[in-house]
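I opened this entry to record what I looked up, item by item. The structure comes first, then my notes.

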Amino acid sequence: MKCDLCDKEAVVHLTQVVDAEMKEYHLCEEHAQEQGIDIDSPISITDILMGLGQQAKQSVPSGLTLSCPRCGMARDEFRKTGRLGCPDCYKTFMAELAAAVKAMHHSTQHIGKIPAREGSQTRIKSKIARLQKDLETAVAREEFEAAAKIRDEINAFKETENSEGGAS
Amino acid sequence: MESSPSEGPVVSSRVRLARNLLDATFPGWASKEVRNRVWNDVVLAFDTFEKSETFLRWRMDELEPLDRELLFERHLISGELAERQEGSGVFISEDESRAVMVNEEDHIRLQSLQPGLSLQAALAAADALDDALEQNLSYAFSSKLGYLTACPSNLGTGMRASVMLHLPGLCLTEEVKPVINAVSKIGLAVRGLWGEGSEAAGHMFQISNQITLGKTESEIIEHLEQIVLEVIEHEKNARLRLMDSQEIKVHDHIGRAYGVLANAALMTSGEALDLLSAIRMGIDLGLLPDIKRQDIDQLFIRIHPAHLQKEAGEALGPDERDMKRAQLIRHFLDGS
């Protein structure tokens with residue numbers, strides 16, 4: 001991938017969310033340093049977890065500070081401690097957390113226990129997600145008959161999901 | 001409770017579930033008022049079902065430092081909770097098999113502890129308690145990310161399952177490092193219970209899952225159990241090899257441990273842990289028929305500083321503790 005500002009290869013990749021709009025920047029080493037991103041300085045564990053392994057403790061360029069509208073936690077604060085401020089922070093910082101979550105758990109879809117209070121829509125979604133995982137396993141093992149059965153189950157559940165009139 | 005010799009290496013199994021309330025900031029970011037409110041909400045939830053069970057409850061700001069240490073030594077609260085003040089606390093079942101920490105890293109950290117290799121039972125107990133609490137609380141949950149936690153490393157199931165293992169054979173044959181490395185490569189974490197890495201005092205280790213999202217609770221537990229069984233096999237083989245090739249040395253090692261424990265006037269924690277480890281292995285090898293393994297497991301806890309002081313009924317300095325520790329062990333061994 002080329003740098004946004006020149007023809008060199010991009011080595012720093014940034015994703016910013018501003019007012020629900022997501023922007024991506026790709027910069028080569030020189031332009032990154034120009035923007036104030038020092039890729040040679042020591043990397044903290046939280047930085048690596050954030051999937052921004054080449055960005056220093058300095059913040060994103062152009063004076064943007066992203067913070068959670070509900071609890072006020074700012075991105076820098078989270079990077080320091082590795083802990084979020086409130087459940088809504090996940091929505092606020094999702095763009096950057098996605099990579100870290102994927103790196104940690106090799107997955108971004110929950111298929112385990114669901115609280116009793118969650119409605120049937122969530123249960124159906126979870127069932128579908130679990131079946132999809134089973135489908136992948138069956139295909140990997142070349143058990144195509146079993147895979148076809150699972151696929152049919154998934155389609156049946158998807159129909160139930162739609163017919164229950166739920167927004168997904 | 002009788003357990004077969006092959007279960008000797010497994011001391012206990014634990015399942016911990018992390019939960020947070022929907023409408024409050026996480027404890028590390030929350031104000032005192034919010035934390036107190038969360039505590040009160042959990043108290044209410046307990047009061048509603050406590051009619052069928054009894055849970056003892058303590059706020060951290062009501063406990064003396066020694067009492068907090070005591071709970072920590074018994075693995076009922078974490079070091080982090082022991083440091084917390086207002087709004088943090090713990091609920092503990094009378095038999096100590098279940099504990100619920102409030103306002104530690106997450107609003108609720110529910111723990112279920114069972115002796116031996118019994119992850120399924122530990123999970124069942126944790127689940128039941130989770131369901132009971134949830135009837136009066138609204139958890140933060142997303143269909144995609146699962147239970148929402150203060151740290152993304154706990155997302156999804158919010159479950160940390162772990163098994164405590166006693167691995168003297170592997171330590172003595174110096175094979176514990178490769179085993180730790182192999183286990184670490186498959187998504188599990190291994191750490192010494194006291195001390196770091198392969199220098200674990202008492203040869204006690206804890207293996208736990210690292211991934212909490214994208215697998216079901218059963219899958220995580222099955223995987224952990226499978227690996228634990230393999231590690232136990234390695235441990236048993238190491239012990240067999242020791243007995244085959246160096247039987248007299250093993251006898252000597254255990255005999256000397258017994259001798260020192262039965263006669264020393266001063267004993268540090270570190271030394272006690274290592275000597276008790278030898279005794280525990282001696283029991284497994286059938287060399288010490290008069291000592292019960294569960295008594296030794298209790299002794300592992302009773303020799304810790306806060307327990308000693310509680311038993312003595314007063315605060316003790318380090319030298320006094322070393323004296324008390326030695327006395328406690330001598331009396332245990334000679335039956336007084």
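My notes on the sheet, its helices, the cores and the chain contact follow.

I am working with a predicted model: local features need pLDDT of at least 70, side-chain atom pairs count only at pLDDT 80 or more, and totals for chains, interfaces and linings use all residues. Residues are numbered from 1 along each chain as its sequence is written, while chains are lettered from A and ligands numbered from 1 in the order in which they are written.

**Sheet, chain B.** I looked up the strand order first. The open sheet has 8 strands, ordered S2-S3-S4-S5-S1-S8-S10-S9, with antiparallel pairing. Strands (E, at least two residues) and helices (H or I, at least four) are DSSP runs numbered from the N terminus; two strands pair if DSSP finds at least two bridges between them. The edges are S2 (55-59) and S9 (188-192), each pairing on one side only. Neighbouring strands are turned by 20° on average, direction ignored. I then checked S8(B) against S10(B) (204-209): they pair over 5 bridges, antiparallel. Ser162(B) stands opposite Ser208(B).

**Helices on the sheet.** H7(B) touches S1, S8, S9 and S10, and its direction makes about 15° with that of S8(B). H1(B) (32-49) lies across S2, S3, S4 and S5, at about 150° to S4(B). Axes are lines fitted to C-alpha atoms, for helices over the stretch in contact, and angles run from 0 to 180 degrees between N-to-C directions.

**Helix H8(B).** I asked how much of H8(B) is buried. The count is 12 of its 16 residues, where buried means 20 or more other C-beta atoms within 10 Å of the residue's own, C-beta atoms being placed from the backbone. Among them are Leu276(B), Arg280(B) and Asp284(B). The buried residues pack against S8, H5, H7, H9 and H11 of chain B. Contact means C-beta atoms, placed from the backbone, within 7 Å. Gly286(B) follows the helix, with a positive phi near 80°.

**Cores.** A nonpolar core joins buried Ala, Val, Leu, Ile, Met, Phe, Trp, Tyr and Cys residues through C-beta atoms within 7 Å. The largest has 85 residues; Val90(B), Leu165(B) and Leu224(B) touch the most other members. H4(B) (119-134) gives the largest share, 7 residues. Another core, of 19 residues, lies apart and includes Met281(B) and Ile283(B).

**Chain contact.** I found 30 residues from chain A and 33 residues from chain B. On the chain A side, H5(A) supplies the largest share, 5 residues.

Methods:
Contact = placed C-beta atoms within 7 Å.
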